[in-house]
Amino acid sequence: MSKVIKWQYSDFFEPRREKLVNLLLCEIIFLKSHMKKLTLNEEARFIKIALDKLDYLLNTLKNNDTDLSDKDFDKVVLIVYQIFKEIINKLEC
């Protein structure tokens, strides 16, 4: 029964570092798939810069083996949010 509960609520048991790595991988895949569809070089440049930032965050998390505190986890999530907010603002202009 405990295996079923752990499987059902895997998000609760998954370490914060792993959650962030999965989040970053998903966002990188999302941006790369949309980058191929862009026709303007300027838009592709904005997405490339965002990809570089996300890749840097991912590499930083991979190199750090310690689990993140709640405060650090929140900071990284806010950084990812700011990166996407920056992309949206630049593409809307």
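Leaving aside neighbours within four places in sequence, I83 is in contact with A50, K53, L54 and L57. Contact here means heavy atoms within 4.5 Å. This is a predicted model, in which local features need pLDDT of at least 70, side-chain atom pairs count only at pLDDT 80 or more, and totals for chains, interfaces and linings use all residues. Residues are numbered from 1 along each chain as its sequence is written, and side-chain values use heavy atoms, with hydrogens and water left out.

I83 also belongs to the largest nonpolar core, which has 19 residues. Such a core is a set of buried Ala, Val, Leu, Ile, Met, Phe, Trp, Tyr and Cys residues joined through side-chain atoms within 4.5 Å. Buried stands for under 20% relative accessible area, exposed for over 50%, and partly exposed for values in between (1.4 Å probe, protein chains only). The residues with the most contacts inside the core are L20, L24, L31, L54, L61, V80 and I83. Two or more core residues come from each of helix 3 (16-35), helix 4 (41-63) and helix 5 (70-92). Helix 4 gives the most, with seven residues. Helices are DSSP runs of H or I, at least four residues, numbered from the N terminus.

Now turn to the charges. How many salt bridges does a search of the whole structure find? The search finds three. A salt bridge puts a side-chain nitrogen of Lys or Arg within 4 Å of a carboxyl oxygen of Asp or Glu.

K53, one of the contacts of I83, pairs with E86 in a salt bridge at 3.0 Å, N to O. This pair links distant parts of the chain: K53 sits in helix 4 and E86 in helix 5, 33 residues apart. K53 is partly exposed, with a relative accessible area of 31%. E86 is partly exposed too, at 31%.

E86 and K90 are four residues apart in helix 5, so about one helical turn separates them. K90 is partly exposed, with a relative accessible area of 35%.

D52 forms a salt bridge with K48, and their closest N and O atoms are 3.1 Å apart. Both residues lie in helix 4, four residues apart, about one turn of the helix. D52 is partly exposed at 40% relative accessible area, and K48 is partly exposed at 41%.
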